[in-house]
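Work through the following exercises with the sequence and the model side by side. Each task is followed by a solution in steps.

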Amino acid sequence: DGIANAALLGMGLTDQPVQMLFTSGAVLVAMLQILLPIQIVTAYSAMTEIDMDLMRAARVLGATPRQALRRVFIPLSFDGTMTGAIIVFMLSMGFFITPALVGGPRQQMLGNLIQFQVERLNWGFASALGLVLLVGTIVMVILLRLGGRLVVKWLK
């Protein structure tokens with residue numbers, strides 16, 4: 001009964017209102033709305049710190065604009081971008097309020113499952129899930145850092 005459904009019905013794209021709330025798509029859109037600004041601000045702050053004289057020096061030495069971007073700007077901004085990605089990943093692993101409100105009871109994330117087990121006083125399973133979350137996050141952070149270094153080496 002919102003603006004989006006009224007627009008879809010008015011344009012004749014659907015015959016009946018589309019359920020948008022309590023779906024996995026709604027959870028993804030809500031998480032994107034919350035986490036994307038964090039990624040953008042982190043990457044932007046890293047990119048503004050890059051000395052543009054380095055780009056000009058690459059151009060003077062014969063690099064095309066695309067080569068200067070690929071070989072100078074992207075490698076220098078990659079650490080900030082990867083830091084933002086790691087921050088966003090760690091924040092998304094702990095999300096349990098947004099999926100509970102937007103996704104409903106059927107859209108479970110690991111944080112929701114841990115909360116549910118704690119409420120049911122199933123401490124052992126909740127702590128095991130918490131350990132899985134911790135180890136998984138540490139492994140992904142290590143993989144992101146190593147993968148980022150490989151990408152930077154490949155770009156050079």
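**Exercise 1.** Why are Asp53 and Arg56 separated by about one helical turn?

Solution. The model is predicted: local features need pLDDT of at least 70, side-chain atom pairs count only at pLDDT 80 or more, and totals for chains, interfaces and linings use all residues. Residues are numbered from 1 along each chain as its sequence is written, and side-chain values use heavy atoms, with hydrogens and water left out.

Step 1. Asp53 and Arg56 are about one helical turn apart because they lie 3 residues apart in helix H3. Helices here are DSSP runs (H or I, at least four residues; strands are E, at least two), numbered from the N terminus.

Step 2. Side chains of opposite charge can pair when their charged atoms come close.

Step 3. Asp53 and Arg56 form a salt bridge through their side chains, at 2.7 Å from N to O. The term requires a side-chain nitrogen of Lys or Arg within 4 Å of a carboxyl oxygen of Asp or Glu. The whole structure holds 1 salt bridge.

Step 4. Asp53 counts as partly exposed because its relative accessibility is 43%. The classes are buried (under 20% relative accessible area), exposed (over 50%) and partly exposed in between, with a 1.4 Å probe and protein chains only.

**Exercise 2.** Describe the overall form of the protein chain.

Step 1. Count the elements: there are 7 helices and 0 strands.

Step 2. The radius of gyration is 22 Å, well over the 15 Å given by the globule rule for 156 residues, so the protein chain is more spread out than a compact globule. The radius is taken over C-alpha atoms, and the rule is 2.2 Å times the number of residues to the power 0.38.

Step 3. The C-alpha trace spans about 65 × 50 × 20 Å along its principal axes.

Step 4. Of the 156 residues, 29% are buried.
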